[in-house]
Amino acid sequence: MTDATSSQTPGGAAPNDGRDASGQMIAADGRPLKKSLARALRAQKLRALALIAPLLLFVLITFIAPIADMLFRSVENQIVSDTMPRATEALQDWDANAGELPPEEVFEAAYYDLFIAAENKAHTRLGSRLNYEESGMSSMFRRAGRGLDDIGEVYQDQFKDLNGDWDEARPWAELMGDATWISQLESWDGESTAPRVALRDDIEALLPRTAEAYQIFAEFVQTVDEDNPLEEEPWTMVHTALYQDLLDVDVSGYSGPRADMLKAADALVADPTFETITFKDGFEEIDEDWLLLENWRVIKAYSPDYTIGYFATAADLEKTPDGISLRDEDERIYAKLFQRTLFMSLVITASCILLGYPIAYLLSNLPMRTANLLMILVLLPFWTSLLVRTSAWKVMLQNQGVINDTLVWLGMVADDGRLQMINNQFGTIVAMTHILLPFMILPMYSVMSTIPPSYVRAAKSLGATNWTTFWRVYFPQSVPGIGAGSILVFILSIGYYITPEIVGGTSGIFISNRIAYHISSSLNWGLAAALGSILLVVVLALYWAYDRIVGIDNVKLGG
Amino acid sequence: MPDSSNTDAFVEFERVQKSYDGVQLVVKDLNLTMPKGEFLTMLGPSGSGKTTCLMMLAGFETATHGDIRLDGRPINNIPPHKRGIGMVFQNYALFPHMTIAENLSFPLEVRKMGKSDREAKVKRALDMVEMGAFGGRRPAQLSGGQQQRIALARALVFEPELVLMDEPLGALDKQLREKMQFEITHLAHRLGITVVYVTHDQTEALTMSDRVAVFDDGRIQQLAPPDELYEKPQNSFVAQFIGENNTLEGVVREIKGNQCLVQLDGGELIDAVPVNVSEVGERTRVSIRPERVEFNKDRLQEGVHTLKAEVLEFIYMGDIFRTRLKVAGNDEFVIKTRNAPDQVRLEPGAQIEIGWLPEDCRALDAAK
């Protein structure tokens, strides 16, 4: 064999019959053939990619991304830990099954969390979220937003009585703030970017809680309210923090601004007549629900960032600290709704097959001209608005509707015994069968029109009766059309929304109507996402099952 | 007309007419009698009515008028599945969702035959077409020729006495087609079945059939054994349609027994056999097969008329030579000569004289 280097030169290729030392095919210019081919194809591939790029982008943005977002939302649960970070952490050590309320630290953490949340108006959102799990929690949070000031006012009032400056903006700023920041604030016009909040290092070391609370307050005032902290008296939360700090620390060594005022306050706190209130009692005064063990259990159960709680709800399960358990019988609605959706979709698919098969058969056996005319009639419903068609069914089926009137007129039904044909499953099935029928007929027709008439003739010439010919020869060959139509109709109907909404009443609605309700009315997007994800999984599972049983390559839309 | 008491007749068409639209007749007054065991081919251009005749016999089309009898029994009102006629279709029509064995078993199943009988018959039928090993396959896994054999076996497995074949070899390539032609005729003769075979390929018709019915314009133009059809066409359509043919236009000048004198439009006189001309002065079209034209003076009969010809083109075709001549104003006149060691190769431009035996030249009806 020649060595590998000789095959790199063009001359080396010829004696080796287009192969190099390792037996690889090489091109005329001496490069390996595979590389040359890949290079030649790369341009082609890039061009193809460029051609589909707009569609790919479109699909990614409008289809893949929303689905991914939905899947994420169905497990995402950061609202609790985002809104109540301190309480979430404090709850970690609390044993929810011990049968005791959380310790005072948890209430303390919840006080600060909720105070800040209330200023941000985020506490009601959290309340609504937790209300999905335990009703009553929404009002509990709303009351907390209004009532938390009562706790701080206990301390604020006493400090104010001691020295009116404790309820003034300027003295607080002087006590806490860095001189530079204060001078910046003095010249701040309220329009330009607010100066960065800077507290003095010594005060931060001395009064950590107060410093933290004041920092949050000052930043909130500057950025959210766009007011000047030199003109806004601090929140009662800051007073509460000050009280807590003064309990722990010795301020006698402090010599910074407002040292006298602080030392006097420290003396006041040390006085046994100083009135105090525990956070727990404070919460109790706001709403006794705050002392319900069950509510704290819910908060703890939903404090992790991700939860299967939505899925549990969607499957009629309940998430408790003890684990997952089935909901009470009267609260199980989703399993029933899923079952109904599947059942009704099956009924609709079956009725479409029964009604569509003869039509498709007729169409495929008529001369082209007649078939085209009939095809227009089949497609006619597509040119009418879905809403109009559904409303037309309402007119037809309702109690005082066309069908009932006719039946009464014919004397087949008594006037007081009019048939209930709408706002129930019957109405939904009738209207949806009508609407989805073309989706069944079209694939069946396109498959049937590819079955040559000679098969039928062959079967008959072999002695088969009309029925045997149909059942043994024609029907098996039309199955791919039925399969394609069924998949189309079934998957369309399983996620159908408008028609059940209009004619379904309460007993004829689908899971999609419930999803829409959670999206637009109850705003429980997580649950809507979980229901949607389950629906997606069910459809995929059915598709998989269909592939296993019938074979997806048996599905033909034509050709 | 042949009467219905004809005891030899197995298949009979009597005054059969067919119209699809009530305006035009696709089949006009068809009369045909076939004895048992015959291999009859319906040959004709597309639209000549041959397939319609086959479909009427099979029962897929009803005759607008007239009687079709099978073994003396009128079958006009018998549905196709009760006629017991085997049929082979152009596209084979093997059921794609069944295996080969299931396909063959199908006609036996619908006849409620027992399982063991069915299996035995299917096996025998498959062996008959030498496809014994293919029972478990699906039609799509077979080649065209193999599918063709299976279609044949399926049409024969329930032992029908009459088998119809609708251009069954149309989709095969030339070599395979020739092979299958022999196989089908051998099989038909061995089994003694009666076959009605439809084709538009005249070679197929000539090589396979006992008799050929040439269809045109909804009528049988000639019904005769292949040799007679080729050598003694009854009218100019058949002469044109079957094989290659030279024609010359002229007027009958003299009729003497089974010989006549025709004056061509250029004034030349030639001898011919009067076929469907009866009067002197009638216009006629004479037809001569290319291989019956003689240009070697030594071999020409004494006293016959000859024509002057100019060689236009000489084509070497291997086993034969094909020479195009200009004769009496017709520059599409072709002669064929065998490639023998002593054969003359005519040079283009050469002036020769051609002639033929009077019985090879047939005076037919004038062009329509």
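This is a predicted model: local features need pLDDT of at least 70, side-chain atom pairs count only at pLDDT 80 or more; totals for chains, interfaces and linings use all residues.
Residues are numbered from 1 along each chain as its sequence is written, while chains are lettered from A and ligands numbered from 1 in the order in which they are written.

**Overall form**

I looked up the radius of gyration of chain A and found 37 Å, whereas a compact globule of 559 residues would have one near 24 Å. This radius is taken over C-alpha atoms, and the globule rule is 2.2 Å times the number of residues to the power 0.38. The C-alpha trace of chain A spans about 115 × 100 × 50 Å along its principal axes. I found 34% of the 559 residues in chain A to be buried (20 or more other C-beta atoms within 10 Å of a residue's own, with C-beta atoms placed from the backbone).

**Helices α26 and α27**

I next examined α26 (residues 511-520) and α27 (residues 525-549) of chain A, which pack at about 155° with axes 8 Å apart. Axes are lines fitted to C-alpha atoms over the stretch in contact, and angles run from 0 to 180 degrees between N-to-C directions. α26(A) and α27(A) are therefore roughly antiparallel (angles over 145 degrees). On the α26(A) side I listed Ile511(A), Arg514(A), Ile515(A), His518(A) and Ile519(A), which meet residues of α27(A) including Trp525(A) and Leu535(A). Contact requires C-beta atoms, placed from the backbone, within 7 Å. The residues of this contact of α26(A) with α27(A) are eight nonpolar, two polar and one charged. Ala, Val, Leu, Ile, Met, Phe, Trp, Tyr, Cys and Pro count as nonpolar, Asp, Glu, Lys and Arg as charged, and the others, Gly among them, as polar.

**Helices α23 and α24**

I then turned to α23 (residues 453-461) and α24 (residues 466-494) of chain A, which pack at about 155° with axes 10 Å apart. α23(A) and α24(A) are therefore roughly antiparallel. Tyr455(A), Val456(A), Ala459(A) and Lys460(A) of α23(A) make the contact with Thr469(A), Val473(A), Tyr474(A) and Gln477(A) of α24(A).

**Contact with chain B**

Finally, I recorded that the contact takes 20 residues from chain B and 15 residues from chain A. On the side of chain B that touches chain A, β6(B) gives the largest share, three residues.

Terms used: Helices (H or I, at least four residues) and strands (E, at least two) are DSSP runs, numbered from the N terminus. Angles under 35 degrees count as roughly parallel, over 145 as roughly antiparallel, 65 to 115 as roughly perpendicular and the rest as oblique. Two residues are in contact if their C-beta atoms, placed from the backbone, lie within 7 Å. A residue is buried if 20 or more other C-beta atoms lie within 10 Å of its own, exposed if 12 or fewer, and partly exposed in between; C-beta atoms are placed from the backbone.
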